[in-house]
Amino acid sequence: MNSQKRIYLSPPHMTGNEQHYISQAFDSNWIAPLGPNVDAFENEIKKYTNVRGALAVSSGTAAIHLALRLVGVKPGDSVFCSSFTFVASANPILYEGGIPTFIDSEPETWNMSPDALLEAFKDAAKENKLPKAVIVVHLYGQSAKMDDILAICDYYKVPVIEDAAESLGSLYKNKKSGTMGAYGVYSFNGNKIISTSGGGMLVTNNLEAIDQARFLATQARDKAIHYQHSQVGHNYRMSNILAGMGIAQMEVINDRVKQKRDVHSRYQEAFNGVKGILFSPEAKDTVSNRWLTTMNIDHEYWETSPEEIVKALEAENIEARPVWKPLHLQPLFRNNRFYKHSSECVSENLYRTGICLPSGTNMSVEEQQRVISLIKANLHEKITKQLVQVKGVI
Ligand SMILES: *Cc1c(COP(=O)(O)O)cnc(C)c1O
């Protein structure tokens, strides 16, 4: 076992100031869910993202679920969702008995392909069964092609839910990721760019909808002195203690974006000029928070698979992961429909070749250098016919 300190993929990065807000919660005995820290955290997110309404909840998954409740997904309803994402993007569709249809990625953002989305809509219109919502994911901090996606969804009058769990602080045409659809969702899970250990936020400019979400997230208790309920509710509100962490974390969100981007630049520089090693693009008119730096190994040049790199790093006490396995390839969703970008399946190609590299904002430059050296030492060049000839000459 390697004795060096473990390097994690994306560990929490506290400022120290969290304790201050947590102490306030203790001193005032606001230990119950809700309270002044929750209000203040919601206000910070509203200010930062420039949206009118925000609701702090227990997880990003809960926020997606609430958005689906708000658009009224019922058993048997269809919902379109990005395929290349974490399962939490789609699980809440199943909570409501909805049926996900998965949409492939396109190569410029790795996110939802407008071409595939349009195909899915055309079929749905023909079958007279439009989806209740489209869940667009901004993977690893890169915003999807929102103008194209919104134009298609507006045409069919279907609301967009932005899963911005990984993209707080990212921009699309100077607008904050998560603020362009009907609803946006952020996550503050331990691995995200800022963390409340666990938590999420639903944002929207529709204040009536936020009130309704608040109601649903608080057991859907009707306005009456006695306990009266007419709808199914959830217990999804964020605790006042954890919201205290969120306030302190929001004080450094811009630093965290910069630090993530610096990590990414160092990786990119280290592999500059190495053929067949590719980093995810930053699409035109977007700024990515570079939540995780991903690297793709072109099998034309390299024998090495993502799994081999992950294993080699693990042997040195370093955490790396393959990129998300597309949801249309998951056993859970084997019966669901899937629309490819073109004759090629972009998400599958990315999955076969992609790795998420350690991207912690608290990773030192020396630690990152160690990761880079190990990757380089474990890349094995493919011996092509041409290369054999060249080597034969030498
Ligand atoms: C983390 C994540 C979620 C879920 O957020 P939680 O707060 O962990 O529930 C949803 N979607 C994506 C893309 C994520 O990365």
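In what order do the strands of the open sheet of 3 strands run? The order is E7-E6-E11, and the pairing is antiparallel. This is a predicted model, where local features need pLDDT of at least 70, side-chain atom pairs count only at pLDDT 80 or more, and totals for chains, interfaces and linings use all residues. Residues are numbered from 1 along each chain as its sequence is written, and side-chain values use heavy atoms, with hydrogens and water left out.

**Terms for strands and helices**

- Helices (H or I, at least four residues) and strands (E, at least two) are DSSP runs, numbered from the N terminus.
- Two strands pair if DSSP finds at least two bridges between them.

- Strand E6 (residues 171-172) pairs with E7 in the antiparallel sense, over 2 bridges.
- Tyr172 stands opposite Lys175 in E7.

**The sheet of 4 strands**

- Another open sheet has 4 strands in the order E10-E12-E15-E13, with antiparallel pairing.
- Here the edge strands are E10 (277-279) and E13, each pairing on one side only.
- E13 and strand E15 (residues 354-357) run antiparallel and are joined by 2 bridges.
- Arg321 stands opposite Cys356 in E15.

- Strand E9 is mostly covered, with 5 of its 5 residues buried. Buried means under 20% relative accessible area, exposed means over 50%, and partly exposed lies in between (1.4 Å probe, protein chains only).
- Both faces of E9 are covered. Gly200, Leu202 and Thr204 are buried on one side, and Met201 and Val203 are buried on the other.
- Strand E1 (residues 53-57) pairs with E9 in the antiparallel sense, over 5 bridges.
- Leu55 stands opposite Leu202 in E9.
- Strand E8 (residues 183-187) also pairs with E9 in the antiparallel sense, over 4 bridges.
- Ser187 stands opposite Gly200 in E9.

**Thr204 in E9**

- Thr204 is found in strand E9 (residues 200-204).
- Why does Thr204 count as buried? Because its relative accessibility is 3%.
- The side chain of Thr204 reaches the backbone oxygen of Ala182 at 2.9 Å. A polar contact is a pair of N or O atoms within 3.5 Å; within protein, one must be able to donate a hydrogen and the other to accept it, and residues adjacent in sequence count only if both atoms are side-chain atoms.
- Leaving aside neighbours within four places in sequence, Thr204 is in contact (heavy atoms within 4.5 Å) with residues including Val51, Arg52, Gly53 and Tyr183.
- Ala209 and Ile210 are also among the contacts of Thr204.

**Helix H7**

- Helix H7 (residues 207-217) has these buried residues: Ala209, Ile210, Ala213, Phe215, Leu216 and Ala217.
- Their cover includes E1, helix H3 (60-71), E8 and E9.
- At the start of H7, a side-chain oxygen of Asn206 reaches to within 3.2 Å of the backbone nitrogen of Glu208.
- Gln219 follows H7 and has a positive phi, near 70°.

**The ligand**

- Which residues come nearest to the ligand? Of the 15 residues around it, they are Thr61, Asp163, Glu166, Ser187 and Lys192. A residue is near a molecule or strand if one of its heavy atoms lies within 4 Å of it.
- The shell around the ligand has 4 nonpolar, 8 polar and 3 charged residues. Ala, Val, Leu, Ile, Met, Phe, Trp, Tyr, Cys and Pro count as nonpolar, Asp, Glu, Lys and Arg as charged, and the others, Gly among them, as polar.
- A polar backbone atom of Gly60 is 2.7 Å from an oxygen atom of the ligand.
- A nitrogen atom of the ligand lies 2.7 Å from a polar side-chain atom of Asp163.
- An N or O atom in the side chain of Ser187 is 2.7 Å from an oxygen atom of the ligand.
- The ligand taken alone exposes 380 Å², and the protein buries 93% of that. Accessible areas come from the Shrake-Rupley method with a 1.4 Å probe; for residues, only the protein chains shown count as cover.

- Most residues other than glycine have a negative phi.
- Asn29 is not a glycine, yet its phi is positive, about 60°.
- Asn29 lies in the loop between helix H1 (18-27) and helix H2 (36-49).
- Asn29 counts as exposed because its relative accessibility is 60%.
- Asn317 is not a glycine either, and its phi is positive, about 65°.
- Asn317 sits in the loop between helix H10 (306-314) and strand E13 (321-322).
- Asn317 is buried, with a relative accessible area of 9%.
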